[in-house]
Amino acid sequence: TMQMGEIRLPKLDFYIANDLSVVDRVMDDREKIFPKHEFLNELLDPLIGNSVFSANGKDWEDQREMVNPAFALTNLKRVFPAMQAAVDDLLAHIETLDRLKPIAVDPLMTHVAADIIYRTIFSVKLDQASADHIYHSFHRYQKNIQPGAMLKLYGLPLLGYRRRAKKAATEIHGVFGPIVRARYNSWHDGTGRAQDDILQSLLEARHPETGDYFSYAKIMEQVSTIFLAGHETAASAMTWALYLLSECPHLQNALVREIDGETGGAPIAFEHLRAMNGVRNLFRETLRLYPPVSFLVREVTAPITLRDKLLQKGAMIVISPWLIQRNRNNWKCPHAFAPERFDDPEEAEACRRAYMPFGKGPRICIGAGFAQQEGMLILASVVRAFRLRYPNIRKPEPVSRLTLRPKKAVTLWFEDRS
């Protein structure tokens with residue numbers, strides 16, 4: 001509940017802002033003095049390099065202009081068939097598993113989310129072996145990159161953490177790098193056939209001033225960013241959502257009634273999702289309680305006073321959706337799982353000002369609509385097909401690295417609803 005926390009380290013002063021007026025000022029950044037902090041680059045550089053997610057200033061503006069056409073290809077109605085095909089494959093895969101014991105949810109959600117964004121970027125589906133490879137490699141990346149970045153922050157030896165993180169990033173790139181290289185070469189030598197996907201848009205993108213195309217290395221950075229943002233955050237959110245559902249059989253039954261009422265028992269179509277308010281609120285409340293990106297870091301590039309504190313140039317300021325979205329100054333019963341709060345007029349102000357799972361301001365996540373549609377379709381499809389139950393074991397413990405993941409994989413019983 002602190003409004004402006006201050007921590008002084010030997011090489012860094014950093015502040016944690018919970019005051020919503022400060023949060024708005026930093027995230028809107030009308031003064032253009034709060035760019036993304038170098039610490040973020042330390043966390044992400046081996047994986048995404050200097051891409052549209054991590055760049056600042058004019059470089060970010062130019063990159064954003066180049067990649068904007070690619071996001072036209074994430075039009076929600078346009079991508080729905082690819083999402084639906086990936087979800088159908090997920091349900092079919094669950095049917096093949098041994099459901100006489102609880103099933104690990106994390107790798108399932110990673111696969112379906114990665115498959116959806118894979119089809120959107122490359123126009124091909126993601127096979128099981130590649131999905132498993134990405135899941136385990138990214139787990140190793142997260143496990144190593146954050147300790148390495150913290151050691152560097154303190155000026156201490158890196159103890160091999162960064163080297164291991166780079167190796168994991170290389171393994172992830174190895175899954176889709178050959179696709180990008182083949183398409184890049186064929187496009188530039190004139191032998192390739194244009195495809196209707198994100199990669200094609202990136203191949204055709206031109207710098208707004210020089211007219212230059214993206215190099216292969218720059219395309220890999222943009223693809224890596226879109227792939228990471230498009231699957232890891234979604235997989236985190238859906239894992240937590242299924243866990244929450246598994247503890248609430250009454251909510252599962254209510255959602256099935258809502259889904260069947262909207263679809264009349266037919267397959268879920270694009271037009272049905274808009275009316276599924278209960279499913280939407282489930283997804284929103286999951287993102288409130290378990291925001292996939294639980295902290296956002298900005299750098300102070302000019303001295304400025306916020307509340308009663310003078311922040312010097314070079315300081316770090318942290319905006320934490322985890323803290324803001326669980327703050328009792330903002331929300332009623334902030335730690336309770338209550339999807340209906342998004343229909344409560346008394347919480348409308350909190351929903352507007354203190355809800356930021358996709359960030360805020362000019363750098364808000366451009367894929368928010370894509371993520372909501374994907375999450376709603378997956379959750380509605382799973383709860384319609386299976387009754388979820390949490391085993392009689394310890395509750396999952398969240399760990400915040402690059403994304404908010406359970407310390408140990410969440411396992412659930414999947415019982416046939418039919």
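Here is a short walk through the aromatic contacts of this protein.

What you're looking at is a predicted model, where local features need pLDDT of at least 70, side-chain atom pairs count only at pLDDT 80 or more, and totals for chains, interfaces and linings use all residues. Residues are numbered from 1 along each chain as its sequence is written, and side-chain values use heavy atoms, with hydrogens and water left out.

Start with pLDDT, the predictor's confidence in each residue from 0 to 100. Its mean over the protein is 92, with 100% of residues at 70 or more. Helices (H or I, at least four residues) and strands (E, at least two) are DSSP runs, numbered from the N terminus.

Now for the rings. The structure holds 14 aromatic pairs; rings of Phe, Tyr and Trp (its six-membered ring) pair if their centres lie within 6.5 Å, and planes under 30 degrees apart count as stacked, over 60 as edge-to-face and the rest as tilted. Trp240 and Tyr290 are stacked because their ring centres are 4.0 Å apart and their planes at 0°. Trp240 belongs to helix H9 (residues 216-246) and Tyr290 to the loop between H12 and strand E4 (296-299), so this pair ties together parts 50 residues apart in sequence.

Buried means under 20% relative accessible area, exposed over 50%, partly exposed in between (1.4 Å probe, protein chains only). Trp240, at 0%, is buried, and so is Tyr290, at 11%. Ring pairs link both into a cluster with Tyr243, Trp322 and Tyr390.
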